[in-house]
Every structure is written in C-alpha cells, then in structure tokens.
Amino acid sequence: GGIFYSGVQLFKRPGHTIREYIEGKRVKHFEPIALLLTLATLYGLLYHTFGINLFVDVANSSSASQTTNMNLINRWFSNNYSLATLLFVPIYSIASFIVFRKQQYNLIEHVYLNTFLGSQRIFLHLLVFPLLVMYNGTAQLKIVMDVNIFLDFMLLVWSYVQFFEKLIKGKAILLSILSYLIFFVCFFIITAVVLEVFHLI
C-alpha cells in the first residue's frame, strides 16, 4: 500500500508530497531508500531477464575489443542496477544542494528529495520497459532511451519547481536546469574516470 501511495503521489504532486514527507507527514509513504532499492531491484531483474543491451548501436559500429568492453559495461549495469541507482542519488543531491543552497534545506534533506525522485524515475522506466523489450537489439532502442532521458528531465524540473515553491517559477525552472547540467557533468566525469581506470575505453 505504501509503495502504491508513494508512486501515485510522485506523479500527481511530487514536489509537494516530498516536502510534506520531510516536514514529518510520513504515515502513508514507503520509506524512501527502501522504495528506491525495491524498485531498482525489480527493474534490474527485468533488465537482466530480458537481456536488454543499451549499447547495441555503439557495438555495431565499434571494433571487437570495444564491443567486448561495451558488453562488460552492460553486464555490470544489468547485475548492479540497484547499486548504480543508489550511487546516482548523492550526485543529484550535491548538485541540487549547491544550486538551491539559499532555500535553507540541508544536504540530508536534499538526499531525501533525490531518493524519492530516483524512485519516480524508475516508476517511469517500468512503464516504458515494454518498449525496451520490443526494440531491444534494434537502432530504435536509442530513440526510446532518448525519450526516457527527456521525460526524466521534465519530471525532475517539474518536481523541483513544486518542491521549492517559495521561488518564482521561472527562476526555479532555470535553477532546476542548472542542477541537472551539474549532475550530467559530474556523471560523465566520474564515468570517464572509471572507464579509463579499468581500461574500458
């Protein structure tokens, strides 16, 4: 029941419901980290079971060694989806904490915010998952993933605008975009370092 309630609220009024949770209205909600891990485990299981390969388009135009490396990355992602999802939360949280620092929420509260939004993204990905299965192994899979990323971005901006309701809407939108850009820069830097360290690029 808590999972269902949290799922509905994260699409119906995400920013408001997360702010209320931080303010102490927690009775009906599923605990955020448990919710994120439960959904991530389910998604990871589906991802592994159906053999989804996000890098098929890259592999088709790469050398044999690069293709092997892409397969290794995909296999790790498949087997460790819960861990990967959990590791995204601190990056999102640091980015939003820096950008919205004047809103007087501490870093832990930003972690709560972005943990819930991580669950929101997985709920969305579960809804879109049939399309991943349908287009797995084809060039169209990249289009599905691009749409997924765009929807993730729109949901994040909408949620931040609701959460930081004291800000003028236009300013909240701009700061939300800036926070997302900081996340992406940090994510790509970390990814590049990891790939370089393990000689996967």
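Which residues in α8 meet which residues in α9? From α8 come I149, F153, L156, V157, Y160 and V161, and their partners in α9 are K169, A172, I173, S176, I177, S179, Y180 and F184, where contact means heavy atoms within 4.5 Å. By class, this contact holds 11 nonpolar, 2 polar and 1 charged residues; Ala, Val, Leu, Ile, Met, Phe, Trp, Tyr, Cys and Pro count as nonpolar, Asp, Glu, Lys and Arg as charged, and the others, Gly among them, as polar.

The model is predicted, with pLDDT of at least 70 needed for local features and 80 or more for side-chain atom pairs, while totals for chains, interfaces and linings use all residues. Numbering starts from 1 along each chain as its sequence is written, and side-chain values rest on heavy atoms, with hydrogens and water left out.

Back to that pair: helix α8 (residues 140-163) packs on helix α9 (residues 169-197) at an angle of about 135°, and their axes are 9 Å apart. Helices here are DSSP runs (H or I, at least four residues), numbered from the N terminus; axes are lines fitted to C-alpha atoms over the stretch in contact, with angles from 0 to 180 degrees between N-to-C directions. The angle therefore makes α8 oblique to α9 (under 35 degrees is roughly parallel, over 145 roughly antiparallel, 65 to 115 roughly perpendicular, and the rest oblique). The crossing of α8 and α9 is right-handed, that is, the near helix is turned clockwise from the far one by less than a right angle.

Next come α2 and α7. The axes of helix α2 (residues 14-22) and helix α7 (residues 107-135) come within 10 Å and cross at roughly 135°, so α2 is oblique to α7. This crossing is right-handed too. P14, I18, Y21 and I22 of α2 touch E109, Y112, L113, F116, L117 and Q120 of α7, giving 8 nonpolar, 1 polar and 1 charged residues.

As for α3 (residues 32-49) and α6 (residues 81-99), they pack at about 140° with axes 8 Å apart, and α3 passes α6 in a right-handed crossing. On the α3 side sit L36, L37, A40, T41, Y43 and G44, which meet Y81, S82, T85, L86 and V89 in α6. The tally is 7 nonpolar, 4 polar and no charged residues.

Then there is the lining of the second largest pocket, made up of R19, E23, K102, Q103, Q104, Y105, E109, F163, F164, E165 and K166. By class, the lining divides into 3 nonpolar, 2 polar and 6 charged residues. A pocket is an open set of points on a 1 Å grid over the protein atoms alone, where a 1.4 Å probe fits, with protein on both sides within 12 Å along at least five of seven lines; lining residues have an atom within 4 Å of a point.

Notes
Helices (H or I, at least four residues) and strands (E, at least two) are DSSP runs, numbered from the N terminus.
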